[in-house]
Amino acid sequence: MFQPRGKVVSLLALPERKVWWSEANYLTLFDRQKSAESADQGRFSAIASLPINNLYPRSIVLTPDGADAIAIFWVAASTWEGRIEHPPYTQVVERWNLATRTRRWSRTLSALPIIDAYRDSDVVMLGPHGLYATRCIKMGAPSGDTRCYVAALDERTGALGPTEMLSYADSSFSWRGGFQQMSAGRRFTLVDGISSSSPYFLIFDDRGRRAGWVNASCARFAEGGSEERPTILIDEQSSLENNAFLYGRFNLIKDASACQLQQESKEAEKHLNSRSLRHSGFRWLGGGRRIVWSSLTQRGLEWDELPKAHVLDVDRVGLPGPLPALPGMESKRLLFSGSGSDLYAQADKRLFRLEETGFVLDSVPPAPPYVLSHRGDAILGFHYEGLDGSKYRLVLGKRQPDKGITWQRISAVSQFTPDFVSFEDAGRPRVLIAGGKAGLQWIDARTGQMLLRSCGGGAEPPGRCSDKGETDYRGLVMSSARKTAFTMHLGLQSIRYKNSFAEIELSTGKILRSFPAPDWDTSAPLDLPMGWVEKERRFWIEGKLWQSERASVTMVTIPEGGAAPRYDSFAALGRYPDFGADPEGRFFMFGRDHDTIDVFAPDGTLVVTLGTPDDGAFAQARDGRFACMGGACDEFRCVVGDVARPVTDPACAAFRVEGFSILEELARVGKAHG
């Protein structure tokens, strides 16, 4: 529903229309607007952006009515077998509705061979004989042939039918996946191939079997013509003699328009990579009573000097609006911290807190520390001093009504961004800090002195932890009874599969239970923050899996009765995902490009998408209802049948609403699943 951005686009040319797709903004499908009534005639516009995570699209086809997309994906999902395992990619076929952005069915192709990302290729075909998924694999010595495995599926349910294997010795082939065209009647599919000798195009019939190949730099089906013996146009420089074996089943004609589709793809890719397009890098994302997020926006090669921030109350019906400006600080450099419930902004050595009426001054010079995290009225901040190999010299803040914040230096330090919980022990205020390699540190909240430290062998009197790595604690989530907390204990970096989650007693540091944790890649200085998704049942942790190019946010289901924990990854969008969670565990969020975020229910169901392009805002629910205002209405589209229509189209009126309440949408999803 918004303009995608990505380095590579792939073309799907159907008898009914031409569609491009990109992995940007999850999986985005888009085409050129052709309506004579539209002011966007000739402009590339999104058809849909599907909330697909952790999947790599290989081949896509639309249903004849244009309402659904069927695609083959590689699934890059780790599994838990007593430790995190990284099996080969799994191949799945899924059907998605474009209007509602929901999955109709998903089917794992277990009957097909395991993927070798460098030696095999996938294509999906939907024609008069049904739906077929084909995988072709280059075989090594001694045969050296290419084997294609064809699986039949029911297009309505995804049910698997028979699978056959075909072997081809005449050529060893694969394909790029950047070009896929279907002939009239969807009887044949043409895909762009690659070899070490010359360019060519592979032809598959509507049962998924290879029907031949074309030796040419450019090739495409002619429009119209015979369905039984279609015409293939090749560029004028290609040789007809090299394709003599095709005659009899296909007509082959040299034509100057043979490269038309490739040229259109290059035009689409050039448009999507235009330096004039907006690209936003999120710097903060949080939730609670409000959802607040900020981003820096790049136009061309320049980044905005000030972050742009937006806010939405989760229980009110409305659209995201600009975050109120700091009084007198409109042109100052800003730093945000906290959550949507308790948001702090720092500018020009002043600290402001977001209230219902806007930002209120909380602290004045001398310079307050930077806020790292907070729990209610307790705040953890830092001054950078670089002492004892630590990045953060920590201070503890207490916010009192009408008195602002009072700060107290404490003896705790941390090499990584720390987390903390506050509690009482026999009526005395205490703070527990997970300080990375500084271990777990118990602080007297009145005096700031360290009382206990745990370096991996239980809480002991204060002392310096070693630097071997076994002391590394990161992240804390407190139980509702405020008697225990969960934390992550990283084992020795040189020994894999030694990480664990531990539930500790706050007053003594005693480990009540422990269970294995994912094998996070800590070669980079990741903070590994944690938070509740569902109180007492599931928490999230953000990190980077071992030897993975993508970061992920993993949901950990706490085991009961000695059972093993369950791990579910809901995102792998980049090296460091833009993630936020409601402190009460009611929802969580992921940031996307172009000032857009998705809000999810605790079970991973997409609830609503919020966007704030220039001079406006939009929101869309999973059933197609949407709201927009200002300039966002120029970008946004509703999908009716197979057409992406401007919001001014009368057909969009049935989907248009004034705004959304996140809590109401969560309740709606709960009822649908109940």
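## Pairing in the sheets

Two strands count as paired if DSSP finds at least two bridges between them. This rule applies to a predicted model.

## The chain overall

The protein chain holds 3 helices and 55 strands. Of its 674 residues, 56% are buried. Take the contacts between residues at least 6 apart in sequence: 46% of these join residues at least 24 apart.

The accessible surface of the protein chain is about 28700 Å². Carbon and sulfur atoms account for 49% of that surface.

R453 stands opposite E460 in β39.

## The three-stranded sheet

Another open sheet has 3 strands, ordered β19-β20-β21. Here the pairing is mixed. Its edge strands are β19 (219-221) and β21 (251-254), and each pairs on one side only. From one strand to the next, the twist averages 25°.

Strand β20 (residues 231-234) runs parallel to β21. The pair is joined by 4 bridges. I234 stands opposite K254 in β21.

Technical notes: Residues numbered from 1 in each chain as written. Predicted model: local features only at pLDDT ≥ 70, side-chain atom pairs only at ≥ 80, totals over all residues. Heavy atoms only, no water. Helix = DSSP H or I, 4+ residues; strand = E, 2+ residues; numbered from the N terminus. Axes fitted to C-alpha atoms, helices over the stretch in contact; angles between N-to-C directions. Buried < 20%, exposed > 50% of the residue type's maximum accessible area, 1.4 Å probe, protein only. Contact = heavy atoms within 4.5 Å. Areas by Shrake-Rupley, 256 points an atom, 1.4 Å probe, with all protein chains shown as cover.
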